[in-house]
Amino acid sequence: MTLKRPTEKGTNLNETLKKLKQIVNWFEENEDLDVEKGLEYVKEGAILIKASKERLSEIENEFKEIKKEIQK
Amino acid sequence: MNTPEIFSVSQYLDKVNFVLKGERAKIIGEISAIQMYDGRSYLYFSIRDKKDQSIARCFMWKNDLKISGVELRDGLEVIVTAYPSVYKPNGGFSLQVEMMEMVGEGALQLAYEELKKKLTLKGLFDESRKREIPKFPHKIGLITSKSGAVINDFLSNIGKFGFEISFVDSKVEGQDAIKDLLSAIKTLKNKNLDVLVIMRGGGSLESFLAFNNETLVREVADFPVPVLTGIGHDKDIPLISLVSDKNVSTPTAVSNLLNSGWKEAISDVSLYGEKIFSYFQSSIFDTFRLAEDTLLREVDSIGSRIKIISEGLSYDKKNLIVGFENIQNSVSEFLRESGKTIELSSPERQLAHGYSIIKNQGKIIKSVKNVKRGDELDIMLSDGIIHSKSI
């Protein structure tokens, strides 16, 4: 499993959640934990969670009315 | 006194037509004298008054007829939306028909059933055609009426997830809504959207005319991104709701559906966070606990092993000392015995008993064969050497 850090531009939430789920699965599947690797994934998870929470925090909606194009 | 203005025929007809255009009206009558003119973009027909047989000639663009979704036939009762005009080349009076709709619940029901059957056979309502509404929609195209409760319900329930809503106001009532809705769809078709939302409140089959229109249904089916409809209905589900990728019945339900992925993500992120840290924490603690147990066990085991080794060492030391002493004794004994033997077998000791040793040029003579005449011989006795010569 390889994980990429979210880009600065923004986070693809779908992708991020998928990665977080992968990390959770890794912990669930590895009973004899490789602590070094586990620590690496915890760090990765923390970054992803932070990015996700930022994206999921309250952001005002943008509402714009568009005039109809004239029917030809 | 001003002289009345004098018009040319053409100028006057233009003036009349301008005024007549403002006389747009809905007129009810029965269809007759249809002239389709194959290959041309327009057609003519007449509408006749059922009571007194009054008649009016009608002109209509074939595209408008298609949009109206009415199967034209003699005797069909319709309502046309039209304005009057005078055709300048021949002075003929006609109604310029913009839209046409069928009359009566029975006719509408029949048309609805027929179109539903036709589009079902064409596979437009198949589940396999349905596209998934994105889990995290961001750019939303919205078509509904600006006035009324629908848009307010939608906006007051949509979550603050940074949605970009591109709204196009449209009529949603009756046959007049068809062109408006088509225009709104066309406007949003080329916009970068994640999902298109079309909403209206509930109503009778007649008020849903536009939403059962074939052209509109096909436009929705061909829309480049998934379409979500929120159209209330009583008995007959509007065909636009059947063709859309997902249909819910109220604007609040539309908002909830658009919010759902985001809300789910909030709880998922918290859950994943908790899981990762608790797994890691418990794993680390488990590892440390295991390491501690192992270490303690090992310390005990090392202690006892050191004891065994140390005991072994002192035992070995004792054995070594004893062994060494034994060897030393054996060696001493051996040396003593050897000395005795050597002493007993010493040639010098034999000389004392009267034996002698004869040497010829330093070599001991063991046989007469080793002596020649004239050899000088040394005869060793216990107390001296006799120098002699062989004769």
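Which residues does V195(B) touch, not counting residues up to four places away in sequence? In this predicted model, V195(B) touches I133(B), P134(B), P137(B), I140(B), V225(B), P226(B) and L228(B); two residues are taken to be in contact if their C-beta atoms, placed from the backbone, lie within 7 Å. Residues are numbered from 1 along each chain as its sequence is written, and chains are lettered from A and ligands numbered from 1 in the order in which they are written. Because the model is predicted, local features need pLDDT of at least 70 and side-chain atom pairs count only at pLDDT 80 or more, while totals for chains, interfaces and linings use all residues.

V195(B) also belongs to the largest nonpolar core, which has 59 residues. A nonpolar core here is a set of buried Ala, Val, Leu, Ile, Met, Phe, Trp, Tyr and Cys residues joined through C-beta atoms within 7 Å. A residue is called buried if 20 or more other C-beta atoms lie within 10 Å of its own, exposed if 12 or fewer, and partly exposed in between, with C-beta atoms placed from the backbone. The members that touch the most others are L20(A), I143(B), L181(B), V195(B), L196(B), V197(B) and I240(B). Helix α8 (residues 251-344) of chain B gives the most to this core, at 8 residues; helices (H or I, at least four residues) and strands (E, at least two) are DSSP runs, numbered from the N terminus. A second, separate core of 14 residues includes V70(B), V80(B), M100(B) and M102(B).

Turning to chain A, its elements run α-α-β from the N terminus on, and 28% of its 72 residues are buried. K53(A) is placed in helix α2 of chain A and counts as partly exposed because it has 14 C-beta neighbours inside 10 Å. K53(A) and L13(A) lie 40 residues apart in sequence and 9.8 Å apart in space, C-alpha to C-alpha.

How do the two chains meet? Contacts link 29 residues of chain A with 34 residues of chain B. On the chain A side, α1 (13-29), α2 (35-56) and β1 (62-65) each supply at least two residues. By class, that side has 14 nonpolar, 6 polar and 9 charged residues, where Ala, Val, Leu, Ile, Met, Phe, Trp, Tyr, Cys and Pro count as nonpolar, Asp, Glu, Lys and Arg as charged, and the others, Gly among them, as polar. β1(A) also pairs with strand β7 (residues 164-169) of chain B in the parallel sense over 4 bridges; strands pair if DSSP finds at least two bridges between them. Within β7(B), E164(B) stands opposite E62(A).

Chain B also holds a barrel, closed by 5 strands in the order β1-β2-β3-β5-β4 with mixed pairing. Strands β4 (residues 77-87) and β5 (residues 92-102) of chain B run antiparallel and are joined by 10 bridges, and T81(B) has M99(B) in β5(B) as its bridge partner. The loop between β1 (25-35) and β2 (42-48) of chain B contains Y37(B), a residue other than glycine with a positive phi near 50°. Y37(B) is exposed, since 10 other C-beta atoms lie within 10 Å. Q53(B), in the loop between β2 and β3 (55-61) of chain B, has a positive phi near 65° and counts as exposed with 9 C-beta neighbours inside 10 Å.
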